[in-house]
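I opened the notebook to record what I looked up in this structure.

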Amino acid sequence: MNDQQPRRPAKPHRRPKKDPVRFLAFEALRAVDERDAYANLVLPPLLKKARAKGDFDNRDAALATELVYGTLRRQGTYDAIVAACIDRPLREVDPPVLDVLNMGVHQLLGTRIPTHAAVSASVELARVVLGEGRAKFVNAVLRKVSADDLDGWVAKVAPSYEADAEDHLAVVHSHPRWIVSALWDALGGGRAGIEDLLEADNERPEVTLVARPGRSTTGELLTALGEENGLPGRWSPYAVRMAEGGEPGALTAVQEGRAGVQDEGSQLVAAALAAAPVEGRDSRWLDGCAGPGGKAALLAALAAERGAALLAAEKQPHRARLVERALAGNPGPYQVITADGTRPPWSAGGFDRVLMDVPCSGLGALRRRPEARWRRRKEDLENFAPLQRALLREALSAVRVGGVVGYATCSPHLAETRVVVDDVLKGRGGRPVEAEWVDARPLMPGVPALGDGPDVQLWPHLHGTDAMYLALLRRTA
């Protein structure tokens, strides 16, 4: 008699089921990591392709977008939580595995997706893109994460505010410590302000449209969007805010280039330069760093209303082509050239108004490009510094006596804003410049909390805009 138990039949091999939404989100995260791509450039074509294949509806697209941006925004917090759930240093976890884990953590702690669905969907994704062995690792980690909510985990992994305020804020609000420190220095004040700012960086920004003067109106855009989908801008007379989930490219005015997508802070900078008083003639304007063309398009429209001409210069040829596209159809005279603003082809003293929106760290647009906070390094500021000063010096050389220069940057970091202007005006590292400050605050009527002047720093948590900086300078000799 055979005492052995009969062998159970082996389970049939099951091929993992590919979830198109999570697979697409994973593809986008890998592109951000492997190619240093930006999510706002990678995700739209992926979504367009998925829609064309019939795989996606609007709800799918919304979930994929939330998974990508939510994972990137909260990466610092999620990294700390995952690190607490594994028995090896986080740096030893392969990046694709960490992407799947962090996306799973976001579903567990940052969305309303039920726990069992978040875990099972993440494990299934891991089977598809990582293999069975790593899927088991993902399953084990996410089950540990699911034992507590976000607040509970943050209390475990973040140091107390009293013990280390900057590290506490870095973990809680998912920013690198050096950025927390820099933003706090620029903002000033106590704990409440910096926490509001960091939290605003983690919120999804509104889509804001600009009605280019003489070509479109806010009324046209509001009518096209309807009462439920369109709201007037908060500060800019040219702005219209879109309801969540709207598609700007579906609007006729946007398709025809009479309107565009442009943050309200960017609109305010261009409008303030155009409104600054100048002495004498007002017929030649320059945008010396015009790419990708949003401010240039608004300036060109404003110039056309006054019979002025705009010269838009951009060093990078592919960005110059974007400027050409943005300005196409402008009714007034304009020209787009490919040129380096530090070695300009134009004559000195030939312009009445000059905008120099300089390359920078982009710390003012972390809402839109959350991956930039993990990509940027403190040392990057040193690389931008000489270029920013050189561009401002050339801008002040390009403007005539009595004309106005606008120095703008999408960063609130003091090393990229007031310090640059002070250095140039005082001749540090170069020739002295004869120019005086123009108070920019009255040129943004109705906008509150603009500080002591004469320059202006906008903030996401105070103004709902990117953290744009503007200094206006009048050439005096």
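This is a predicted model: local features need pLDDT of at least 70, side-chain atom pairs count only at pLDDT 80 or more; totals for chains, interfaces and linings use all residues.

Residues are numbered from 1 along each chain as its sequence is written, and side-chain values use heavy atoms, with hydrogens and water left out.

**Entry 1: cavity and pocket**

I worked on a 1 Å grid over the protein atoms alone: a cavity is a set of points where a 1.4 Å probe fits but cannot get out, and a pocket is an open set with protein on both sides within 12 Å along at least five of seven lines. A residue is in the lining if it has an atom within 4 Å of a point. Grid points are joined across faces, edges and corners, and a volume is the space filled by probe spheres set on the points.

I found one cavity of 30 Å³ or more. The largest cavity has a volume of about 40 Å³. Which element gives the most to the lining of the largest cavity? Helix α6 (residues 115–129) does, with four residues. I listed the lining as Lys17, Lys18, Asp19, Phe23, Ala121, Glu124, Leu125 and Val128.

I then looked up the second largest pocket, which holds about 440 Å³ of space. Its lining has 21 residues, and Val32, Asp33, Leu72, Gln75 and Trp374 are the ones nearest the centre. Elements that each supply at least two lining residues are α1 (20–34), α3 (58–73), α4 (75–84), α5 (95–109) and α17 (372–375).

Which residue does UniProt list for "active site"? The unreviewed entry lists Cys410. I noted that UniProt positions are given in the numbering used here, that feature names are shortened, and that annotations may be inferred rather than shown by experiment.

I placed Cys410 in the loop between β9 and α19 (418–425). Is Cys410 buried or exposed? At 16% relative accessibility, Cys410 counts as buried; the cut-offs are under 20% relative accessible area for buried, over 50% for exposed, and in between for partly exposed (1.4 Å probe, protein chains only). For contacts I used heavy atoms within 4.5 Å. Leaving out residues up to four places away in sequence, Cys410 touches Asp357, Cys360, Gly362, Leu363, Gly364, Ala365, Asp466, Ala467 and Met468.

Thr409 lies in strand β9 and is buried, with a relative accessible area of 0%. With the neighbours up to four places away left out again, Thr409 has among its contacts Asp357, Cys360, Glu416 and Tyr469.

**Entry 2: aromatic rings**

I counted two aromatic pairs. Rings of Phe, Tyr and Trp (its six-membered ring) pair if their centres lie within 6.5 Å; planes under 30 degrees apart count as stacked, over 60 as edge-to-face and the rest as tilted.

Tyr407 counts as buried at 0% relative accessibility, and Tyr469 counts as buried at 3%.

I also checked for charges over rings, meaning NZ of Lys or CZ of Arg within 6 Å of the ring centre and within 35 degrees of the ring normal. Arg369 lies over the face of Tyr38, 4.0 Å from the ring centre. Arg418 lies over the face of Trp437, 5.0 Å from the ring centre.

**Entry 3: the backbone**

Most residues other than glycine have a negative phi, and most peptide bonds are trans. I noted exceptions. The peptide bond from Gly291 to Pro292 is cis, with omega near 5 degrees, and Pro292 is in the loop between β5 and α15 (294–305). A cis peptide bond also joins Gly453 and Pro454, with omega about -5 degrees.

Asp36 has a positive phi, near 55 degrees. Asp36 is in the loop between α1 and α2 (39–53) and counts as partly exposed at 49% relative accessibility.
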